[in-house]
Amino acid sequence: SGISLAGLSSVGGELSITDVEMLQSIELESLVTLGGLALYADEPVDLQGLRKVSTPLIEQIGGDVRLSGTKGLYQWEAPLLAEITGSLSVQGSCSYEPELASLRRVESLDLVGNCGLESLEGLPITEVVGQAEDGSSIRIEHNDGLSEEVLDAFLSGVTVSGDGTSQVTAAAEGDCSAWQNMSWTSDTEWCSQ
């Protein structure tokens, strides 16, 4: 149920974890170099038990971070993380609210279909310096809990450079669930499982 790689200090490429039903925690206490992170679920049972990822010494991630379909994730511990040189994408979460207190700079930001996301205070990003593959610098949509006021306050503190587009919309109630069902499964409620 738990992975602890206490002696691992460097991963030059992307650390990718998917389709592990019983995994509850990933502890990477000594990791200081990481080329990217992908936690990805294709089906409702994939990564359904994952609650916590711990990378307490990481200051920079040299690639993309993709948390996709990690519906049970509550915490990604990365208190020193200041920069992600690639994109930060969080999609299809039911309970995760980012708490990345030192994060200031990303290439692009994608927050889509996160039904439990109610605040962006844990993302103190001040610079978005590029764009994702789809051409967007910032994409925030289908997150029922994010009001127009929260979105406006977040955007007022972010400087976007480059030619990417921004798409930021406050979701109507139920929009998140509808998006998740369409994106992962057509016959189940993603967050109620």
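Val-32 sits in the loop that runs between strand 4 (25–27) and strand 5 (33–34). In this predicted model, Val-32 has a relative accessibility of 44%, so it counts as partly exposed. Together with Leu-57 and Leu-80, Val-32 makes up a nonpolar patch on the surface. The accessible area of these three residues together is about 230 Å².

**Salt bridges**

Let's turn to the charged side chains. How many salt bridges does a search of the whole structure find? The search finds six.

| Salt bridge | N to O distance |
|---|---|
| Glu-27 with Lys-52 | 3.9 Å |
| Lys-52 with Glu-77 | 3.9 Å |
| Arg-105 with Glu-83 | 3.2 Å |

Take the bridge between Glu-27 and Lys-52, with its closest N and O atoms 3.9 Å apart. Glu-27 belongs to strand 4 and Lys-52 to strand 7 (residues 52–54), so this pair ties together parts that lie 25 residues apart in sequence. Glu-27 counts as buried because its relative accessibility is 19%, and the cut-off for buried is under 20%. Lys-52, at 27% relative accessibility, counts as partly exposed.

Lys-52 also meets Glu-77 in a salt bridge, again at 3.9 Å from N to O. Here the partners come from strand 7 and strand 10 (residues 75–77), so the pair ties together parts that are 25 residues apart in sequence. With a relative accessibility of 25%, Glu-77 counts as partly exposed.

The bridge between Arg-105 and Glu-83 has its closest N and O atoms 3.2 Å apart. Arg-105 is found in strand 12 (residues 105–112) and Glu-83 in strand 11, so this pair ties together parts 22 residues apart in sequence. Both partners are partly exposed: Arg-105 has a relative accessible area of 30%, and Glu-83 has one of 23%.

**Ser-89 in strand 11**

Strand 11 (residues 83–91) also holds Ser-89. Is Ser-89 buried or exposed? Ser-89 is buried, since its relative accessible area is 10%. The side chain of Ser-89 makes a polar contact with the side chain of Asp-110, at 3.2 Å. If neighbours within four places in sequence are left aside, Ser-89 is in contact with Val-65, Arg-66 and Leu-67 as well as Asp-110.

**Two threonines**

Thr-70 is placed in the loop between strand 9 (65–68) and strand 10. Thr-70 counts as buried because its relative accessibility is 1%. Which residues does Thr-70 contact, leaving aside its neighbours within four places in sequence? The contacts are Leu-39, Leu-47, Gln-91, Gly-92 and Ser-93.

Thr-165 has its place in strand 16 (residues 165–168). Thr-165 is partly exposed, with a relative accessible area of 48%. Not counting residues up to four places away in sequence, Thr-165 touches Gly-135, Ser-136, Ser-137 and Ile-138. Thr-165 and Ile-84 are 81 residues apart along the chain, and their C-alpha atoms are separated by 19 Å.

**The tryptophans**

Finally, have a look at the aromatic rings. The count of aromatic pairs comes to two. Why is the pair of Trp-179 and Trp-184 edge-to-face? Their ring centres are 5.5 Å apart and their planes stand at 75 degrees, so the pair is edge-to-face; the cut-off for that label is an angle over 60 degrees. Both residues count as buried: Trp-179 has a relative accessibility of 9%, and Trp-184 has one of 11%.

Methods
Residues are numbered from 1 along each chain as its sequence is written. This is a predicted model: local features need pLDDT of at least 70, side-chain atom pairs count only at pLDDT 80 or more; totals for chains, interfaces and linings use all residues. Side-chain values use heavy atoms; hydrogens and water are left out. Patches are made of residues with over 30% relative accessible area and no salt bridge: like charges are joined within 9 Å, nonpolar side chains (Val, Leu, Ile, Met, Phe, Trp, Tyr) within 5 Å. Accessible areas come from the Shrake-Rupley method with a 1.4 Å probe; for residues, only the protein chains shown count as cover. A salt bridge is a side-chain nitrogen of Lys or Arg within 4 Å of a carboxyl oxygen of Asp or Glu. Helices (H or I, at least four residues) and strands (E, at least two) are DSSP runs, numbered from the N terminus. Buried means under 20% relative accessible area, exposed over 50%, partly exposed in between (1.4 Å probe, protein chains only). A polar contact is a pair of N or O atoms within 3.5 Å; within protein, one must be able to donate a hydrogen and the other to accept it, and residues adjacent in sequence count only if both atoms are side-chain atoms. Contact means heavy atoms within 4.5 Å. Rings of Phe, Tyr and Trp (its six-membered ring) pair if their centres lie within 6.5 Å; planes under 30 degrees apart count as stacked, over 60 as edge-to-face and the rest as tilted.
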